Amino acid sequence: MTLVDLQTGAHSAGALAVASDAGDYASLRSNVSYLGRVLGEVISEADGPEFLELVERIRLLSRSAREGDDKAREELLEVLGNLDNAQLVPVARAFSQFLNLANIAEQRHNVSREMDSVFSASQMLAGCLEELDGQGVEPVALEKAARQLKIELVLTAHPTEITRRTLIHKHGEISDVLGALELGGYTPREEQRYHDRLRELIMQIWYGYDFRQERPTPVDEAKWGFAVVEESLWRAVPEFLRRLDKSLRERGGSNLPLDAAPVKFLFWMGGDRDGNPNVTAKVTGEVLLLARWQAAQLYLQDVVHLIDELSMTRCTPELRQRAGGALEPYRAVLRPLRKLLRNTLAHLEAQLAGRSPGAEEIITEESQLWEPLYACYHSLRECGMDVIADRAPLDLLRRVRCFGVHLVRFDVRQESGRHTEALSELTRHLELGDYAEWGETRRRDFLLAELASKRPLIPADWTPSADVQEVMDTCRVVAAQSPEALGAYVISMARQASDVLAVKLLLKANGCRFELPVAPLFETLDDLERASAVMQTLLDEPGYRDMINDRHMVMIGYSDSSKDAGVLAANWAQYRAQESVLAVCESRGVELTLFHGRGGTIGRGGAPAHAALLSQPPGTLRHGLRVTEQGEMIRAKLGLSSLAVKTLAMYTSAIFKANLSNPPAPQQDWREMMDALAKTSCAKYRSYVREEPDFVAYFRYATPEQELGQLPLGSRPARRKPGGGIESLRAIPWIFAWMQNRLMLPAWLGVGSALREQVEDGKRELLQEMARKWPFFSTLLSMQEMVFTKADAELSAYYDQRLVPTELQAIGESLRALGKADVATLSDLLEIQELMEGQDWIRQSVQLRNIYTDPLNFLQVELLKRQREHGEPELEQAVMVTIAGIAAGMRNTG
């Protein structure tokens, strides 16, 4: 008895993507079957064959219920409803762990030999360059684009990330075992060792505890991020650059410059204090030190490896002189670097422990790493040892340019109101009035005058409140850093030019002597519509232009704008804001970097990254890509080095295409249509979310939103402010809660209504033209198709039936009727009979996963009802298991 079907066809193993061709995905099906079989054996040993029989009965009933067997559905609900409290957690864990194992198999499959033969990073890059060549793009233009390539991935913590680091590590180990078994060629004893190791890991998981017992601290989250760099990105970056270099040469181009650094990584972990009181100035200072320590540790490992390897005696005269005539010159040149790195580690460890560090020389600048490494590399090349030079020495040089001394750059993010509060206290103390009460013009005049002034702004006798002191301390931490340690200061809820000038002044007043980029984050619908006017006001101030060196960063928020206005109106507002801000900057000779605050979910701007990038307004990627990668999406896209190489190749090919092949700009009638669609969709969205008086109450009954806030998920609270309604709830738990009950409301509400209105008005052909010719619109519709494929009205109705008071259930019924009508409208526009038509493997993947997620949804309802009625605290772990399992099953909407 196992946890998977071993048949082919509609119930083939593992509820994963199964292509119609029986030969496709063979290794994936095999791995999922294998993992499910081992999990079943472990469960049987641990909890007895009777318990495994119970789990298998639930699975078979779930499968039959999905096939439309009403009697099986009733029996399934009866079985789950009769589980006693002691059975709830292990039953939920069985299905949750299977979905985790299935995801591991799918992730491994994406980088397997089977997939590498048809869709490798090298093929992706080569195919992109070939396509551009076919469009007449000159080699010189391609070389220029490669030299100017700039990808900045900003890694952030995820407020709904439940999984412990130890479990993530075990998942990685399982993936490694699957990878090793794929290689083959082992003796029976060697192969058995891998099988035993996999069984051991699954047993460790089953006998372990899946979740944190306490919320992680911001430092914990940063350490998790450092682990991703160490275990994946450190290897991925040089490998990606090697493949890009090879692809360019094969198209007749020249090599990437040795000092090229097209990829950089940044962190919000430990720097994002917006609504998170746990991120303090002290925390930010600590994670900055930890990042330097991690960098030094990684460099030391590589330098020690080079010292072991580079035993050659032939070298250039210059290197011989640098080595002091030593017999083994490369080792002689690298040993002092090894000592410097060891000194650096000891120095940073003392600082982190609160001790005074010693006076030894340490690494503080990139050149201290680069110069000895480049000297060795140059000598190896000059002496005919290219094969040696272009492996480990070149890889390390590439890492130096990518990671620098600080490993990653840190952004600081704070909400604009905190800066207003600080200046308000200060101006009242200085008897200048209350800054918070001033109009925008007066604020700007004051800020510009103080920025130009040479006298100190902060008097010695001022004692600010604790909150304001924290803002000041943060600015002082920033001022104490090397500019290379920092990325930008991001202002959330930025609404006026004064919001940017205020940060500039606070940084100056607290001793910052370098110009840190200050990026306004435009989030709500109104803010997005005013973004260009704000930027125009800023850039037309001569005093401000002198500060920015004709470069500016603007961040576009996807989460809060979608929560504010619905996904369609938000997407269009984001598109227009990018266009208009770009026009303002270009007309004034300012180089614009757009920073995309996308999440993994569709309601937060998520979409397949390649499609999302090609959907951007023309010209907006000209100066590079800066985008957030969050929590579980970091693991999904960057968690394995081979996956990270593919992800970087995908981003690169999309940027090349966007910048060199001139994606279509929207025609005027398309724009007018989008204006109309946005207006209707926003009105429909807000008619429920804002204007329905009982909506908040319905939301809290129908989803596990309240329970989510009690769980030890992330360091950041689920709400910006205690209490309040939807407006105070963060976008991530808002969307996460709707994903749990499978209604997925934020990802579709308002879209279908707007489309339907236009179809009924005779605009069907225009909408279809937009879908054929405009990537922005076609991506929007394809994401709607994906959302409705994963949504489940019947499950949502079951949540309502069991959890929502009778007087509120009409809201859910109305929403589900609206969703049903939206699916019909979407199908009509796309001229399809069923969702994801032509993409059978995606549709089957969702359908097959449902067999395992459905019991978790039903169990979650049972648990929520018991917990809400009887307040049984021992059920909390079971609730967490169902939350994690459903998220694992839903993938890109979870």
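## A buried arginine

Arg 398 sits in helix H16, which spans residues 392-403 (helices are DSSP runs of H or I with at least four residues, strands are E runs of at least two, both numbered from the N terminus). This is a predicted model, where local features need pLDDT of at least 70 and side-chain atom pairs count only at pLDDT 80 or more, while totals for chains, interfaces and linings use all residues. Residues are numbered from 1 along each chain as its sequence is written, and side-chain values use heavy atoms, leaving out hydrogens and water.

Does Arg 398 count as buried or exposed? Arg 398 is buried (under 20% relative accessible area with a 1.4 Å probe, protein chains only; exposed is over 50%, partly exposed in between). Still, Arg 398 has no salt bridge (a side-chain nitrogen of Lys or Arg within 4 Å of a carboxyl oxygen of Asp or Glu). Asp 245, the nearest side chain of opposite charge, is 4.6 Å away (Lys and Arg count as positive, Asp and Glu as negative; His and chain ends are not counted). Beyond neighbours within four places in sequence, the contacts of Arg 398 include Pro 238, Leu 241 and Leu 256 (contact means heavy atoms within 4.5 Å).

## Nonpolar cores

The largest nonpolar core has 279 residues, and Phe 777 is among those touching the most other members (a core is a set of buried Ala, Val, Leu, Ile, Met, Phe, Trp, Tyr and Cys residues joined through side-chain atoms within 4.5 Å). A second, separate core of 10 residues includes Leu 266 and Phe 595.

## A positive phi

Met 836, in the loop between helices H36 (809-830) and H37 (840-870), has a positive phi near 60° without being a glycine. Met 836 is buried, at 3% relative accessible area.
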